[in-house]
Amino acid sequence: MKTVKILSFVAIASLALACNKQNYPAFEYGPKDADSKTEVYFPVTAVAEELEPDANEYVINVVRSESTDALSVPVSVYDPAGVFGVPATIEFAAGEAATTLVVDITKMELETDYEFTISLPTDYYYLYKTDAPNSTKNSFHFAGLKQKWNDAGDCVFYDWTWFDDVVTAEGKVAIQNHEGTDDYRIVKPYATIIETDGNIVFTLKDNEISFAKGISDFWPGTGYYFYWDTSSYGAYCNFDDYVFNDDGSVSVGVNFLLAVGTTPSYICWFGFDWYNSPITKPENK
């Protein structure tokens, strides 16, 4: 019996060797992209956005490499919730190297996470060319939610950052609370001081105000940033003691660093008298 098994194994091995001797066709790669084509791409390919509750649209930038003729580019959309109104095509006018795709976001519900992805057809980016880095930018992914902000009083806002003397913003400035969180924001306090529309966002917990560590853009478009790091720059990043005023407001003073780009460069200050504040006065004050 052992002899029969050995002979059978040898026979199978011989058959396998015989099969390997067949002449199969040589492997061929698939078709290459043409030497040149109009590349269309997204300069930014992914975002995570916290949107205003009344936002109705979201604008996406799109760029192309050849701009002589008008161009219409069809897109594919992944929208699992079915709430986004994404145009069927991206439209470039003749001579236009950049355009925008405006997405309708009116159906987004408050405090609900959503996502969508827009993808370009392969006719408008390279699959194989190694010298076409923009071909990796052939899709755009959006993740975001509309936040619900509720009234949390208002304040008189003061600043000693941009001028030699303390400047007061015109009128009272709104303060809001992000519903269900300890996050607050002073709404566009600099609009009448240096005409920028940034909000100042902070956290209030256990009667203590704090800011996110690192850089925050309180002054969009200026090139300067709010820099907060109490562990490394505690002598410059700190709060003045609360002052509980007779008119019911609480005075808050913030010492911080102003950054040029990512580099903290200037010692600065702003303050606000917060009316209807949730900050409570300690018994010993």
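A charge is taken to sit over a ring if NZ of Lys or CZ of Arg is within 6 Å of the ring centre and within 35 degrees of the ring normal. In this predicted model, local features need pLDDT of at least 70 and side-chain atom pairs count only at pLDDT 80 or more, while totals for chains, interfaces and linings use all residues. Residues are numbered from 1 along each chain as its sequence is written, and side-chain values use heavy atoms, with hydrogens and water left out.

Two such contacts are described here. The charged end of Arg-185 sits over the ring of Trp-149, 4.2 Å from its centre. The charged end of Lys-129 lies over the ring of Tyr-126, at 4.4 Å from the ring centre.

Ring-ring contacts were examined next. Rings of Phe, Tyr and Trp (its six-membered ring) pair if their centres lie within 6.5 Å; planes under 30 degrees apart count as stacked, over 60 as edge-to-face and the rest as tilted. The whole structure holds 33 aromatic pairs. One of them joins Phe-116 and Phe-140. This pair is tilted, with 6.3 Å centre to centre and 45 degrees between the planes. Phe-116 lies in strand β8 (residues 114-119) and Phe-140 in strand β9 (residues 139-146), so the pair ties together parts 24 residues apart in sequence. Strands are DSSP runs of E, at least two residues, numbered from the N terminus. Phe-116 is buried, at 0% relative accessible area. Phe-140 is also buried, at 3%. Buried means under 20% relative accessible area (1.4 Å probe, protein chains only).

Phe-226 and Trp-228 form a stacked pair. Their centres are 5.8 Å apart, with 10 degrees between the planes. Phe-226 is buried, with a relative accessible area of 0%. Trp-228 counts as buried at 5%.

Terms used. Helix = DSSP H or I, 4+ residues; strand = E, 2+ residues; numbered from the N terminus. Buried < 20%, exposed > 50% of the residue type's maximum accessible area, 1.4 Å probe, protein only.
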